[in-house]
Amino acid sequence: MLAERTDYLSAGVHIGMKSCTKYLRQFVYKIRDDGLAVFNLRKVDMRIAVAANFLSQFDNILVVSRKSNAAEAIIKFAEVTGTKAIAGRFSPGTLTNPSYSDFFEPDVVISVDPLVDENAIKEAKKKRIPMIALCDTFNEASDVDLIIPANNNGKKSMALIFMLLAREILKKRGKVKKDSDFKYTIEDFGGESAPAQAGEEKPEEAVEEEEKPEPAKSAPKRARQKAEEKADRKAKKDE
């Protein structure tokens with residue numbers, strides 16, 4: 001894996017939302033008791049690697065986000081990889097109007113959230129520019145060519161993802177030979193070494209659960225499963 005599992009967990013990369021779209025279900029391995037979906041970290045890690053490999057082939061990369069808590073991550077990513085970032089409002093015509101002062105023709109666009117960055121995605125689609133996006137469980141991905149399933153709301157989560165993307169891109173380009181040559185840290189990308197927030201799983205518990213993947217289930221199915229497990233335990237005890 002590109003990062004230690006505990007790093008993914010402490011950053012909250014695996015924490016999804018209580019709603020899940022049809023396409024994102026394939027990346028969810030369970031639904032917690034509190035209703036939050038949990039991403040399969042191996043699939044998240046694999047998608048980050050695939051995205052980095054694809055991005056390393058291009059020089060004109062544009063990363064966009066209207067989310068203020070993603071600004072540090074995307075600006076640092078652009079700085080490290082020598083690309084362009086638009087943090088904040090995406091001006092109409094940025095990709096489609098050559099007469100616009102800030103017109104830019106990227107080879108590929110990265111969005112932090114397809115819902116929030118809707119205008120950028122529409123313009124990229126119109127110009128047939130490949131689109132990569134971080135997608136939480138609630139996101140629709142119909143206009144996204146390659147999704148990175150992950151928590152795209154947490155600042156530390158986004159910082160870790162963009163740090164890994166930057167590192168792997170530089171490795172693919174031959175700018176760094178190994179991970180230890182990459183001198184940037186998650187803090188450089190806006191992440192903070194803060195204690196787990198309310199609602200997050202303890203790393204030890206999540207690691208144990210991750211070793212036993214299971215598909216996401218609806219609430220009624222989970223209830224039936226718990227009842228069946230309780231009955232099995234009672235039967236074994238009676239034996």
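Modeller: Happy to! Let me start with K84, which lies over the face of F104, at 5.7 Å from the ring centre; for this, NZ of Lys or CZ of Arg has to be within 6 Å of the ring centre and within 35 degrees of the ring normal. Please keep in mind that this is a predicted model, where local features need pLDDT of at least 70 and side-chain atom pairs count only at pLDDT 80 or more, while totals for chains, interfaces and linings use all residues. Residues are numbered from 1 along each chain as its sequence is written, and side-chain values use heavy atoms, with hydrogens and water left out.

Now to the aromatic rings. Rings of Phe, Tyr and Trp (its six-membered ring) pair if their centres lie within 6.5 Å, and planes under 30 degrees apart are called stacked, over 60 edge-to-face and the rest tilted. That rule gives 4 aromatic pairs. In one of them, the ring centres of F77 and F162 are 5.5 Å apart with the planes at 65°, so this pair is edge-to-face. Since F77 belongs to helix α3 (residues 71-81) and F162 to helix α5 (residues 155-172), the pair ties together parts that are 85 residues apart in sequence; helices (H or I, at least four residues) and strands (E, at least two) are DSSP runs, numbered from the N terminus. F77 is buried, at a relative accessible area of 0%, and F162 is likewise buried at 0%. Here buried means under 20% relative accessible area, exposed over 50%, and partly exposed in between, with a 1.4 Å probe and protein chains only. F182 and Y184 make a tilted pair, 5.2 Å centre to centre with 55° between the planes. F182 is buried at 8%, whereas Y184 is partly exposed at 32%.

Charged side chains come next. The whole structure has 11 salt bridges, each being a side-chain nitrogen of Lys or Arg within 4 Å of a carboxyl oxygen of Asp or Glu. In one of them, K67 meets D113, with the closest N and O atoms 2.9 Å apart. This bridge links distant parts of the chain, 46 residues apart: K67 sits in the loop between β3 (61-65) and α3, and D113 in the loop between β5 (108-111) and α4 (118-126). Both K67 and D113 are buried.

Back in helix α3, K76 and E79 are 3 residues apart, about one turn of the helix, and they form a salt bridge at 3.1 Å between the closest N and O atoms. K76 is buried at 16%. D181 and K178 also form a bridge, at 3.5 Å from N to O; D181 is partly exposed at 28%, and so is K178 at 47%. Finally, R167, E168, K171 and D179 are joined in a network of salt bridges.

The buried residues in α2 are L41, V44, D45, R47, I48, A51, A52 and L55. They cover an arc of only 160° around the axis, which puts them on the same side of α2, the arc being that of the directions from the helix axis to the C-beta atoms.
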